[in-house]
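Here's a quick briefing for anyone meeting this structure for the first time. Take a look at the model, then read on.

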Amino acid sequence: MKNYFKFNDISSLDMGVLPTGKGVFGSAEKDYKSFSVPGRNGDLLIFNRYKNVDVTYPAIVIGNDYKKLASDLRAWLLAENGYLKLEDTYNPDEIRLAAYSGPIDLNTILLQAGSLNISFNCKPERYLKSGQQAVEITESGSTIVNPTSFEARPLLVIFGYGSFKINDVQTSISVSTYEHVNIDCDAMICYNGNVNLNQYLVIGDFPTLKAGENTIEFDSTITKIQITPRWWRV
């Protein structure tokens, strides 16, 4: 089987690009702030975040109409802005969010084949495809298990209104106009369609799903909660 990667849901094979596996298995780097404390050996480290990571695919490019192929390649990689979905056959159970800024530097051979390095600037998370599927919780006191070592920031769909709790984080929805509301715990926003509903959200911290077992409880005025957990690792 030929290996490939998909960027913005387009396969590299469809673009005449055959990648190698070098450069796709690395991890993100931790970003620490370091402080010196008088009278204390060593430094005090405070974890800030995980940094973005570059993912590079050395690749061979083959095609009959090489001029058109190069033009299509530029359009594929450079037409869209921002982070887009990136996945490959080397890590088949994962999805990254990646941006491509270029340049595209093709080393050609007789205008029939060539080679290049395609390097993406990726967010540090390697999202598990299994965590992109919604889990439906219909009974208060149910649990959901995070299979990774990292806290996940889920997308919640609340059917009804009232209070719910994930682990020790209590949240309350006071609007009853809608059949359901969405709470994106990563973007930190409550909404229905294009309507921002943050004013109806009573919350301390947006809930997360810790490693291991998580308990979900809710009022009887909430009929169910759909959780897209967004499991991830680095």
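Two strands count as paired if DSSP finds at least two bridges between them. Helices (H or I, at least four residues) and strands (E, at least two) are DSSP runs, numbered from the N terminus. You're looking at a predicted model, so local features need pLDDT of at least 70, side-chain atom pairs count only at pLDDT 80 or more, and totals for chains, interfaces and linings use all residues. Residues are numbered from 1 along each chain as its sequence is written, and side-chain values use heavy atoms, with hydrogens and water left out.

**The sheet**

- Strands β14 (residues 155-160) and β22 (residues 222-228) run antiparallel, and six bridges join them.
- Looking for one of the contacts along that pairing, you'll find Gly-160 with Ile-222 in β22 as its bridge partner.
- Both strands belong to an open sheet of six strands, with antiparallel pairing and the order β12-β22-β14-β17-β18-β19.
- At the edges stand β12 (135-137) and β19 (195-196); each has a single partner strand, so one side of each is left without a neighbour in the sheet.

**The helix α1**

- Helix α1 takes in residues 66-78, which makes 13 residues.
- From first C-alpha to last, α1 reaches 18 Å, close to the 18 Å expected at 1.5 Å a residue (the expected span is 1.5 Å times one less than the number of residues).
- Tyr-66, Leu-69, Ala-70, Leu-73, Trp-76 and Leu-77 are the buried residues of α1 (buried means under 20% relative accessible area, exposed over 50%, partly exposed in between, with a 1.4 Å probe and protein chains only).
- Those residues cover an arc of only 125° around the axis, so they sit on the same side of α1 (the arc is that of the directions from the helix axis to the C-beta atoms).

**Aromatic rings**

- Rings of Phe, Tyr and Trp (its six-membered ring) pair if their centres lie within 6.5 Å; planes under 30 degrees apart count as stacked, over 60 as edge-to-face and the rest as tilted.
- By this rule, there are nine aromatic pairs.
- One of them is Phe-5 with Phe-120, an edge-to-face pair at 5.7 Å centre to centre and 75° between the planes.
- This pair links distant parts of the chain, with Phe-5 in strand β1 (residues 5-7) and Phe-120 in strand β10 (residues 113-122), 115 residues apart.
- Phe-5 is buried at a relative accessible area of 0%, and Phe-120 is buried at 0% too.
- Tyr-50 and Phe-150 also pair edge-to-face, at 6.2 Å centre to centre with 75° between the planes.
- Tyr-50 lies in strand β5 and Phe-150 in the loop between β13 (142-146) and β14, so this pair ties together parts that are 100 residues apart in sequence.
- Tyr-50 and Phe-150 are both buried.
- Phe-5, Phe-7, Tyr-57, Trp-76, Tyr-100 and Phe-120 form one aromatic cluster.

**Charges over rings**

- A charge sits over a ring if NZ of Lys or CZ of Arg is within 6 Å of the ring centre and within 35 degrees of the ring normal.
- Lys-123 lies over the face of Tyr-83, 4.9 Å from the ring centre.
- Lys-224 has its charged end over the ring of Phe-159, 4.7 Å from the centre.

**Two loop spots**

- Pro-38 is in the loop between β4 (30-36) and β5 (43-50), and it counts as exposed at 78% relative accessibility.
- Gly-63 is in the loop between β6 (53-62) and α1, and it is buried, with a relative accessible area of 17%.
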